[in-house]
Structures are given as C-alpha cells and as structure tokens.
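Keep the viewer open as you read.

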Amino acid sequence: MDASISESYRLKAMSQKNTLFNYFQRSKASPTAAGSKQTEHKECTKSSTPISQKEHTQKNTTPKVHKQCNQSVTPKRPRPTGTESGSHEAGRKGSAKQFKRLRLQSDDDDSENDQSLANGKKVEDKQLPETIHSESDELDEDSEDEYQPKKHELSSDDEYADDAVDSAEDSPVKKTPKRAKLVARTPTCGSSADKKSPRVPSTPSTPAPTTPRPLGSATKLKLASFSAECEASPAPADDLADNWPHLKLDFLLPERRRDAAGRRPSDPDFNPRSLRVPADFLDKQTPALRQWWVIKCEHFDCVIFFKMGKFYEMFHMDAVLCVKELGLLYMKGDHAHVGFPEASYGRYAAALVEKGHKVCRVEQTETPDMMQSRVASSTKRTTKFDKVVAREVCQITSRGTRTFSAMEGDATDGELRYLLAVREQEVDGELQFGVCFVDTSVGHFRLGQFSDDCHCSRLRTLLAHYPPVQLLQARTAAPQRSRDVLTSLLPNCLKETLRVGEEFWAADKTLRFLAETDYFREGEDGSGELQWPQTLLDATRDGDTLHLNPRKDCELALQCLGAVTWYLQLSMLDTQLLSMRRFSRYQPPDVPGAAAEDGSPETPPDRPESDGPAHHPAGRMVLDGVTLRNLEIVSNSVDGGTEGTLLGTLDTCVTAFGKRVLRAWLCSPLRSPAAIAARLDAVEDLMSRADVMDDVTARLKQLPDLERLVRRIHVQGNSRLRAGGSHPDSRAIMFEQTKYSRSRVMDLLSALAGFKQAAQLLQSLAGTASDFGSYLLRCCLTLEKDGGKFPEYDEVLEYFETSFDQAEARKEGRILPSDGVDEQFDAARDALEQVERELDEYLHEQCRHFGCKVVYFGQAKNRYQLEVPDRAVHKAGGSYELQTQKKGAKRYWTDTTKELLARQLAAEEQRTAALRDISRRMFARFSRHQAVWERAVQCLGLLDGLLALARFSRGAEVSCRPELVTGADQAVLEITDGHHPWLGRGGGGADFIPNSVGTERGRLLLITGPNMGGKSTLMRQAGLLVILAQLGCYVPAASLRLSPVDRVFTRLGAQDRIMSGESTFHVELSETAAILQHATAASLVLVDELGRGTSTFDGSAIASAVLRQLLRVGCRCLFSTHYHSLVEEFQDHDQVWLGHMACMVENENQDDPTQETITFLYKLTDGACPKSYGFNAARLAGLPADLIRHAHQRARRFEQRVERMIRFTTVWRAAAAAAAQ
C-alpha cells in the first residue's frame, strides 16, 4: 500500500513539475500575459517579493517554489538520519535544491572576493561567474544558516551561524555550516516579476532507478498543495515595497514619533537622532534584531551597517533605502533585508555618504567562543538576549567625517572637506561669530572669533575660503541675517542642529573635558604630562594655570570647538584627531596681522617694516566670497568645478598637498612687497632653469599625499586602537583584517618612501640650491642645519630601514622586526629557538636510546610524538605514553616532549601577541616625529606651488614681471596690453585683443560702450591680473605697475538670492554697501552697471551718488555704465577718465536699427560712447524686426522728451540765477 501511494505521489509530483515548466515557457513566450487566478493560501502571496533590478536566472525553480509556498502550512520534515537508504540519497540529489544567488552589483574590483565570501570559499581565479551557487538541504528546514520566509525575525540562535567561517585559517570565528546569504527575495510562480523577466528552470538531472522510499506525511501535504500554490496570483512589486512590516509600527508613525527621552518633535529639546522603541516590542525580537533596534534607537538618523559574520546587513527602513540608493537586492523573508560582503564596505558607504546620508558601522566584538565563555562565567541569570555575540558602534561616517582609512579607501582628489561649527551672537547690534572647522582627513583644527557687519561679509569670506560639507549649529534663535547667509550660500551642505549645553558645549565645559581626557597627554598610554596646544592656551585667561577659564573674546570659538569635539566623539573619531594637537587660530583676512593660512615657510628675513597701509602693508589681500564668485577664481558659476577658473588655469601641481597650498594662495594673495618680490624671484629662478623644473616635477610626481598619510599613520599608532584598547575598533572581529593590515603597512611604507624621495631630491639639488638667488628656493631646498627650512630626518629613515625588512613587509603585508627592535618579540623568538634546540637534542638522545631512527610526528597541539619502529618499541618504558600508531610504528609522548611542547606553545602565543601590536608600535614611532614630517610637507608643498606659477609664467605668449610701486603719493595701477589669464591662452589666443588700463589719467575709469562690447571682460581681466601680480606670478601683459592692493571688491553680474529672500536689486545694493563700508585708498573696486535693477531715474541717481563716494575714498576703480547722464556729470572731473569699448557701425540708420551692422572691436578707447546700441543686442538675440522698429520709435520719443526737460531745466536755472543777481 505504501509503495503504491509513494508511486502515485511521485507521478503526481513529476506531472506538476512539467506543469510548472510549461508555465514558464508560456511566460517566456508571452511576458505580458495575465496572471493566474487568486489562491486561498495567503502565505504564498505574502512571501512574494519584488525581483531585483537586474535580470537573472534561477536553477531548479520547482523545488524552491514548493518549499516557499508551503512553509507556513506544512510541518517540518525531519532531518535524514545516517541509516537512510541509498534510494533516498539519489532522490535527494535528483531534486537538486540549488539556487543561483545574484552577485551584488559591482563596478570595480575592491570586492573581487564577494562571491567567495558569499560561499565561504577562497577564489583564486578572477574570472568569476555571474551568479553564485548556494547549496542547501531542502530537508534542513530549521537550518541556522538561512533566513526562513515564515519567520518575521531572525532566529534566537542565529549568532552561531552569523559568525560562521568556512576556513579556520583566515578567520578567528568558530567554523559552522555555510549560510545561504544574500539570496534575492524570489517571487512565487506567476509573479509579475516573472512576467518581466521569465526564467526557465534547467532540466533536472535524472536519478538512477531505485526503489522509491515511502513518503512522509509532510511531503504528501506539500505535494497535494503544490498545484494550487503555483496558480496563486502574486502581489504587485510596488505594493510589496509599500507594505513592509516596519511601515505599520506605531512608534514609527510621524504622529507617534518620540525621541529616546520620550519628547515629541514639537518639544524644543527634541533629539531627532534618537528614537523611542517600546520595551515590550524589543522583548519580542530575536537577540540579533533586538541589538539592531537598540542601536537604531540611538542613531535613528543613520543607515546601520550591521555586521553579521562576513556581511554587513541592513534591515527595515535602512534596507529599503539601500535598495533605492545602492541597487542592492532584497533577501528572502517577510521584512526588508539586504546586505553585502565586508570587502565592499568602502564603496557602498562612500556612495551613501555622497548622497547626504550618514553611515553607522556596527562590528562584532566577540566570537561565538568568546560569547559562550562570557555566558558561562556570568554570575547572573542569563537570558536568550545574553546568548548573542556583542556588537558595538565603531564609526559614524558623514560628509564631514570621512577619514579615508584602510576600510574606506583613498580619496579620489586632494580637496579638503570641512566640518564647520558656527555660533552667532548679537551684542549691541553687532554680530559676533565663533567658528571651528576641521578636515578629518588631515586633522588640522582652526578656531576663531570675530565681529561682522550687517552683510556678514567676513562670514561669507570664510565660507568661500573653506567651503564646508557639513555644518553644526546651535539650536537657538540665531539672528535672521546669519541664518539667511548660511541658507543661501550652503544649499547642499549637510546641516545639523545641536542642543545647547548637552551637545553644543559651553566654553568652560569644553576646556574641562579636554583637561580631564588624555587627548593632550604625553606618553603612549596617555598617562604623561598634559601638553596643551598653544592655540588653546592663548584662548584661556592670563594667570589661569589650570587653563579652565576662557577669555571673553574666545568664548564663542571654544563653544564651537566643544560642538566639534562632541560630534567627533559621537562619530568615534575624537581620539584619532584631537590627539594630533594640530590647532591654529583663524582670523579674517582683513584683520590687521592676520597670519597666512597655508603654513608655508616663506617669510623673507629682510622683510621691511610697514610705514603705511597703502605702501608697505602687512598681511594678505582680502578676497571675499562675492569677489571669489564674480571673478571665478576657485570655482565656476556653471557646475562649481575648476574649469574656466583662475585656479584651473594655474593648477599644474603634481602633489595633492601642493594643490591645497596653491588654492590657499589664491584665496589670500600676498600684500607685502617684500613677500611678493620673494615669490617672483623664485619663479624667475625656476623659469631660467627648465632642466631643474622638469627634474623636480618628475620627482614630486612620485610622491603620495604625504599630509594625509601622516594623519592616517598617527591614527593607527594610537594606543586606544591597539588590540584590547578602549576604542571599539580595537575589539572588532574583521574578516578582511589581513587586507586592512596590509593597507596600513603600505601606508607606512609609502610615507617612508615618499620622504626618502624628498631627501634624495634635496641631495640631487645640493649644488644647485646655493646658485639660486631666491630666498624661498634656498629655504625649500636647504636643510635646517645649513640655514634652510627643510628638516633633517635621515636618522629616522635609517631606523625604519633597519628595524624591519621593508621589501618583505611590502610583499607579505606585515612587519617582522629585526633583532633588538622589539624586546617582547625578541624574547619570544629566543624562547622558540631555545625550545627548538632542546627538541633536537632530545630527538638525538632518543635515537641513541632506541638504537634506530626516531622522528617527530604530529601537528598543532599534537606535535612532537616520538615515532618508533615496531622493532624497537620494547625499549619504551613506563614513561612513554602511547598516543597513536600505524603499521610498523608506534607514537609516544614523554614528560619531556609534553613540557617542551607547552613551552613552545607559550612562546608562539607570546610571539603572536608581539606581532599583533608591532605594527601599531611602528606607526606610533613614526608619529613621534610628526612635527618633522609636517615641516617637510610644507616645504614640498611650497616648492610644488612655485613650480605651478613658473609653468604658467613660462607658458604665456606674453608675460612680464609686475613692478611694485612703493612710496607714491597715491595708489598706482598701470596695465599695458594686458591679456585675460585664460581666455587668451590656447588655440584662441591669437584672436584676443589686449587692452591697457592706467590711473595716470584718473583713479576712476568710467567705461561706456555697446552691449556685448567687452566691458565686463575688461573689468574682470584687470582684477585677475592684479591678483596674479600679488600672487607672485608673472602676468600676461607687456608691463604692469601697481601699488599693493589691500582688497578687491566686485559688483558684477545680476542674480538674486531666493533662499534668503533678496531680490536682484537688493543684492546689488548689499554688495555696494559692503564696498562703501570697507573700501580704502589701497583697494581696487570693480562696479558693473550699478542701478539697472530699478527705474532709470532711481538707478542713475544711486549710481551717481556711489560714484561720488568712491571718488572721496580715493580707491582705484573701474565703473561701467549705460547711464550717459553720468558721463555728462563727471566728464570734467580731474580724477575720472572716460573710456569706451570701441565698435564699428556700418549702414547706420537713425530710423531703422535693424539695418545696422555693428562690429565689436573689444578695444578700450578714450572718450565716451554716444549710445549703447541696445537694439543691436535685441537683433542678435532674435527679437522680431517689427518689434525692434516699434521699440526704437518709442525710444526716440523718450529721448526727445528728456532733451526737452533738460533744456527747460537749463533755461529755468539760468533765469533763476539772473533773477537772484
């Protein structure tokens, strides 16, 4: 009876398999066919999930659908026992339940082992298939390694599988069965996904004929319900995406949302970074998901990368976001769930961060063995939540906290990305700003406090010089003006508000915290003397020996430092960055005595003292944010890039730190004539030695980003990051640890090689450096002991060359110290060598005792068994313990071999412990010389910047050395045949028309001319040439004479600020007001068509008043206008030079302007232009000819009316004057 039932069910199952095969064939032939009828099995529909964006195939689909659709209604089938018949094994192979798992979408090779990680195998061949096979036993329904579709949460004992590794050699985690991870959520048969991408199952293998085994009741139930389940109509993919279980949780609904302290969003102290989750909900979770929810409660604004074994996995709302942003595939299960291998962390984390998200990396800090030991040694009653490996937050990464560590990968560019904290306060109508900003990839903190005008000019300048990618603000009622500036200038910046006191610390709390921690303490373990950075000492009150009381003019700055410190502590980066003690004071560039921000050692010893702000000024030229934008100095107005900017033209630097130095120079050009002359001398010397330029450039091109490498090595040498340290990363179980360790060692080797190449560069130029007349070049290329600025570090390099084999470290990715370098390692090695000698002596002694050849046998903890031939075993006494035997020999242990083995194991453990920390100790020793490396980087960056200026100067078709004028009665600016810095270069340079501008005929040049005649280009050209001259660079002109300019102001173009509610005309007047407030006799002012944003009369009146004020200030000014009344008003002024952009008019017609042909000559000519030829611009823009003619007639009537009014006014004034006489 059982045999007949078995045969009946077998035939029915084969028939249903054929039915499913035919269904897929129909779906392939007609992918738009309607779905089959609805089924009553709700679990089948519920388990249907959307297919990934990538098409894929699936092997042996029939058994998979069988299992998926019946799991909720079918009891588990018992595991097969060892006594099962061969027929069952053959049938099991015939069913061949194998699934093709999709490989994660990958665009590069940083996850080349993704497939091998997914399978738990090493893959040597790079040519991997498109899919990954994951074999699992279809009878193993309760496997710990696989997510079950019927379960809403992870199983309580999933941790034993989470940490599973298939190879004990490359993982510290206990070996357990393979886990079928990252399987795409597969819709049941007939799903809409199948219609879009039909999949035809492969032909199942035919098992050998065997006697069928009687089927169990569970299998019969599955086979009976198979047909109905396969006819079920699936839920649409979009509906499934909108119906995840987490979307129905009450505490996630906006109207029920609370933070961890129970506060509602309307509460002023509401913390948007946290979430309140009911305790009863947490108690219903599995241990792993409970851990996830606990971490999510504290970091609700982050995407949690939750480590489970070799994978980072995301759940619920994080999974949905990753599918949308990263294109990952949903795993099977009822809740949203995705993941990727550990090796792919850098790529996926960077992608999310660049899109404005924050990534919270959670690592396992225990292995299953460690967890079991913890539970066994616990004195408290343990629950299921204790029986889970510990996990901790190791880092939070956002736009402003990227460090480009070994896990994140190298930076793609040399640009700095600042994290900025701003605190504003209004005192007696004056705005006070405190700022602190840092680039976490370099670790240099700048903090300062300054007052500002009503236009926030200094704040705008700061944001232009150091553009932040993330902004920290205090949750207070900030002045409207500063809020508008930050909103309009930083539209794409990630902004976070911190609670005052708790997160945005007070100044005294900041100092107290820094004093109580070991950030600034000497010694590797942070137990030495407290060494405050000088910048922080200057911010405390005089006489305060404990340095806990802030100065009044530094309170806001220290508050901002407190906010940055709190945020770095939240991101787990405080120890890495603050311990570098790189602090400097920020001062706005227009503050007298403001220091250079590029850190270059370029102050000449013969620098003259200042005898007046217009002649021998100190400090730097001020380029505010408006000027940097209008002149497109560092970024263009199209896409924010460097193409078509002065930086893009000059930047031929070959090192990343050199590029950063050049950008700092451009944002703050020199102002001292001596400093400018020193740079010009260096550029001139380099231009005269093309061979030296080429040689130095070739050597510098080989250098890595030494500035960032120094920081990264310092971080890796921090004692908190050593194994067992206080930082969670020191306890993390990393399955790619070998890869990361190799990357860290390569950082050290790259830095050592880079500084060695720099030393060789100095040696090769030892004879040439003394021939240079330039003080700067001698500083860069001469050692400190010889009177230069380049540090001497040959002894340091020699130590690292002899302390370990660098070639072996580069090959193996680990550091093996040489003799005498590390006492702990030397002691362990000596102990091992001593044990080896004693083992050899003991083996010789045993050979003599037995009178034959005796060898050691065994491995690991079973080593050193004495293998004795059978003919001599009679000599083995009672002290010989038989362990194993083979044909012809027996193996023994003795008390001596056991003692030697124990000593060897202890020595090996000691050596392993020493090697585990030797790399960190090497990094720490390198970091002890941080000041030396920083000075070397400064010299190399300065040299690279000078080379870029020399290449630009040598490459210009026309160039001259600017002449600096000092001691003149009034400021001078004379440009002869000047060219635009980049419009005149390249293929179109021959067509560029040079122009001359001078103040010999007046400090103010009033420019008129036709529309599109080149007025704005001429003004921008003059401003750029002045900046180039004070940058210390040759300029593209026949000659240039100038008195040093203290500040360049621009009022160019027309744009509104919609984010701050400012109209175009309001923006014009705001920029004009800043000019009038800050301009001096040493300034250069460029004003283009002021007053065009309002009525003609109002605009011309404002332009006239501004022009008169500028004349009173006495600054050098280029003022363009279309108001011809201004020309008539100022044509007789002795300090006003009238000029116009020349043009040639053909077929001039007073009645029909559409017949005129105007040729722009782009040449500045004396005198005023008779009219602006606006109708020519209308014609070029394509306006209809009839419309232009009609407009021309109206214009003629307006002109006649104005002329009559002028004549009437003239006559009236004359009559009034006569009557008065």
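**A residue, a helix, a helix pair**

Ala507 counts as buried because its relative accessibility is 5%, where buried means under 20% relative accessible area, exposed over 50% and partly exposed in between, with a 1.4 Å probe and protein chains only. Keep in mind that this is a predicted model: local features need pLDDT of at least 70, side-chain atom pairs count only at pLDDT 80 or more, and totals for chains, interfaces and linings use all residues. Residues are numbered from 1 along each chain as its sequence is written, and side-chain values use heavy atoms, leaving out hydrogens and water.

Ala507 sits in helix α18, residues 507-516 (helices are DSSP runs of H or I, at least four residues, numbered from the N terminus). Leaving aside residues up to four places away in sequence, Ala507 touches Pro550, Glu555, Leu558 and Gln559; contact means heavy atoms within 4.5 Å. Lys552 is 45 residues from Ala507 in sequence, with 9.8 Å between their C-alpha atoms.

Among the buried ones are Arg460 and His465.

Finally, look at α28 (residues 737-764) and α35 (residues 930-955), which pack at about 60 degrees with axes 12 Å apart. Axes are lines fitted to C-alpha atoms, for helices over the stretch in contact, and angles run from 0 to 180 degrees between N-to-C directions. That makes α28 oblique to α35, since angles under 35 degrees count as roughly parallel, over 145 as roughly antiparallel, 65 to 115 as roughly perpendicular and the rest as oblique. Phe755, Ala758 and Leu761 of α28 meet Trp933, Ala936, Val937, Leu940 and Leu943 of α35.

Definitions and conventions. Helix = DSSP H or I, 4+ residues; strand = E, 2+ residues; numbered from the N terminus.
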